[in-house]
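This report describes selected features of a structure. Please look at the sequence and the model first.

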Amino acid sequence: MARKQTRVSGRMLFTWFMLAGFICLFAPQNITDKFQFTFARIFRWPLRLGRNISLFAHTQQPLTDVVSRRQYNQLQNRADNLIETLIEGRRRYKKLYGLYNSYVWDDVEFVLAGVITASTAGPSCELVINCGQDSGLAKGQFVLADNSIIGTVSDVFSHGARVKLITSSTSNIPVKVGKLRAVMKGNGDSSAKIELAKHKVKVGDSVYAVRRPGLLDSAMKVGTVAKCQSSDQHPLLWDITVEPACDIEKISDVAVIIMNPKK
Amino acid sequence: MRWLRFAVLILFVTILQAGLLADMDVKPDLLLILLVFFAIHCNISEAIIASFTVGFAADIIGLTMGPQIISFGLFGTLLAYLHRVVTIRKMPYQALAIFVVGFLTGLLVNLLTFLKAEPTVPYAVLFCTSLYSSLVGPFLFLPSAWWMRIKTQRFSRY
C-alpha cells in the first residue's frame with residue numbers, strides 16, 4: 001500500500017514540478033530575472049570570492065621571456081630609431097608620390113626617375129627615363145605615376161631606360177576588373193583594350209594589374225573602364241576599352257618598382 | 001534523504017559553479033553531476049524533487065529561468081526510473097550516464113532556450129561540458145555520498 005502511494009506521489013510531484021517549470025519558462029523575463037538578481041545579491045560575497053580566486057589563478061602566469069633592463073633599453077632605443085626612420089621615410093614618400101600608406105611596399109624600393117622623352121601616340125607609346133642599370137632597373141619592372149601603373153621597363157641602359165606604356169600596341173599586361181581576369185593590350189593611342197571578355201563590366205570600374213611575384217606584390221590600379229560593348233566577331237563576348245588612371249601626356253616624373261632590392 | 005544537508009550541498013555547488021568555475025572556457029557541470037548522483041542514489045520521489053531543485057539552481061545561475069528546470073527534472077526523473085531496471089553501480093557506467101544525461105539535457109535546454117529567442121550553447125561546448133562532467137563526476141560521487149550520509153555500496157530499489 002505504501003509502495004503504491006509513493007508511485008502516485010512521484011507522478012504527481014513530476015506533474016506539478018513540470019508545470020512550475022513551464023510557468024517559469026513562459027513567465028515574463030523581468031519577473032524571472034528577479035530570482036537571479038536576488039540570488040546574486042544574497043550570495044554576492046562568496047560569488048565574488050570565487051571569481052577573484054579564479055581570476056588570480058588565471059593571472060599567475062610564469063614569466064619566461066624576460067630580458068635585463070640594459071638589454072631592454074637597448075632594444076627600446078633601437079625600436080625608437082627604427083620608428084623615427086620609418087616616419088622619415090614615409091614623409092619622403094608622401095611628399096614625392098604618396099606611396100607611404102601601403103604596407104605591401106615594405107620590401108620594395110622605388111627609384112624616382114625623370115622623363116627625358118615621351119611618345120604617347122602611335123604604335124610605340126613609350127617614355128625614356130633618366131635612370132638605368134646603375135639604379136637597379138631591369139626589364140619587366142613596373143613603372144608608376146600618380147599612384148597608378150603606366151607601363152613596364154622594356155629596355156635598360158647604363159644610365160637610362162625605356163618604358164613601354166600600357167597604351168602601346170605591343171603592351172600586354174594581365175589585369176583584373178572585378179572578377180574578370182584578362183590580358184590588356186594597348187590601342188596605340190591614349191587607351192587600352194581588353195578583348196573578348198567573358199562577361200560585361202560596368203563603365204567606371206577600376207582595372208588593376210594583377211600581382212606578379214618578383215615584380216608586383218599587390219594588385220595596382222592601371223585605369224578605368226571607359227566603354228564596354230559586345231564584340232563584333234563574337235556577340236556573346238565583350239570588348240572593353242580602358243582609359244589610363246593618369247594623364248600620361250603630362251607626366252614629368254615616374255617611379256620604378258624594384259622588388260626585394262639588393263642592399 | 002537529509003534535506004538540510006541536501007540544501008547546503010546544492011547551495012554550495014551552485015555558488016561554486018557560478019563563482020569559481022564561471023570564467024573557465026570548458027568546465028564540468030557540477031549540478032549535472034549532482035543530478036545524476038541523486039537520480040541513482042535516491043528513491044523516485046526524492047529523485048524527482050532533487051532533479052527539479054537542481055534544475056532550479058542551474059536556472060538561477062543561467063541565462064534564463066525555465067529550460068533547465070524542465071530538462072533536468074525530466075531527465076533526472078527518467079534516469080531514476082531507469083535505475084529501477086538497470087543498476088548504475090560501476091564508475092564507467094556512472095560516467096556514461098552523466099555524459100548521456102548531460103548531452104540530452106543540453107539539447108533540450110537549447111531547444112527551450114531557442115523557443116525563448118535567447119542565445120543557445122554551441123554543440124561543441126555542450127559535448128565538451130558533458131565529457132568533462134562525465135570524467136570528473138564519478139569521483140565527486142564519493143564526497144557527495146559522504147556528505148549526504150548515503151551508503152553507496154547498498155542499492156535499494158523502490
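Strands here are DSSP runs (E) of at least two residues and helices are runs (H or I) of at least four, numbered from the N terminus.

The model is predicted, and local features need pLDDT of at least 70, side-chain atom pairs count only at pLDDT 80 or more, and totals for chains, interfaces and linings use all residues. Residues are numbered from 1 along each chain as its sequence is written, while chains are lettered from A and ligands numbered from 1 in the order in which they are written.

β6(A) is joined by six bridges to strand β7 (residues 180–186) of chain A, and the two run antiparallel. Two strands are taken to pair if DSSP finds at least two bridges between them. In this pair A:K176 stands opposite A:R181. β6(A) and β7(A) make a hairpin with two residues between them, and A:G178 in the turn has a positive phi of about 60°.

β6(A) also pairs with β9(A), in the antiparallel sense.

| Strand pair | Bridges | Opposite residues |
|---|---|---|
| β8(A) (residues 192–197) and β11(A) (residues 238–244) | four bridges | A:I194 and A:I240 |
| β9(A) (residues 206–209) and β10(A) (residues 220–230) | four bridges | A:S206 and A:T224 |
| β10(A) and β11(A) | seven bridges | A:V225 and A:V242 |

**Contact between the chains**

Chain A contacts chain B through 25 residues, which meet 24 residues of chain B. Contact means that the C-beta atoms of two residues, placed from the backbone, lie within 7 Å. On the chain A side, the elements giving two or more residues are α1 (2–26), α2 (29–42) and α3 (44–59). α1(A) gives the most, with eleven residues. By class, this side has 15 nonpolar, nine polar and one charged residues. Ala, Val, Leu, Ile, Met, Phe, Trp, Tyr, Cys and Pro count as nonpolar, Asp, Glu, Lys and Arg as charged, and the others, Gly among them, as polar.

From first C-alpha to last α2(A) reaches 20 Å, close to the 20 Å expected at 1.5 Å a residue; the expected span is 1.5 Å times one less than the number of residues.

**A helix pair in chain B**

Helix α5 (residues 91–115) and helix α6 (residues 123–148) of chain B pack at an angle of about 145°, with their axes 8 Å apart. Axes are lines fitted to C-alpha atoms, for helices over the stretch in contact, and angles run from 0 to 180 degrees between N-to-C directions. The residues that meet include B:F99, B:G102 and B:F103 in α5(B) and B:S130, B:S134 and B:P138 in α6(B). This contact has twelve nonpolar, eight polar and no charged residues.
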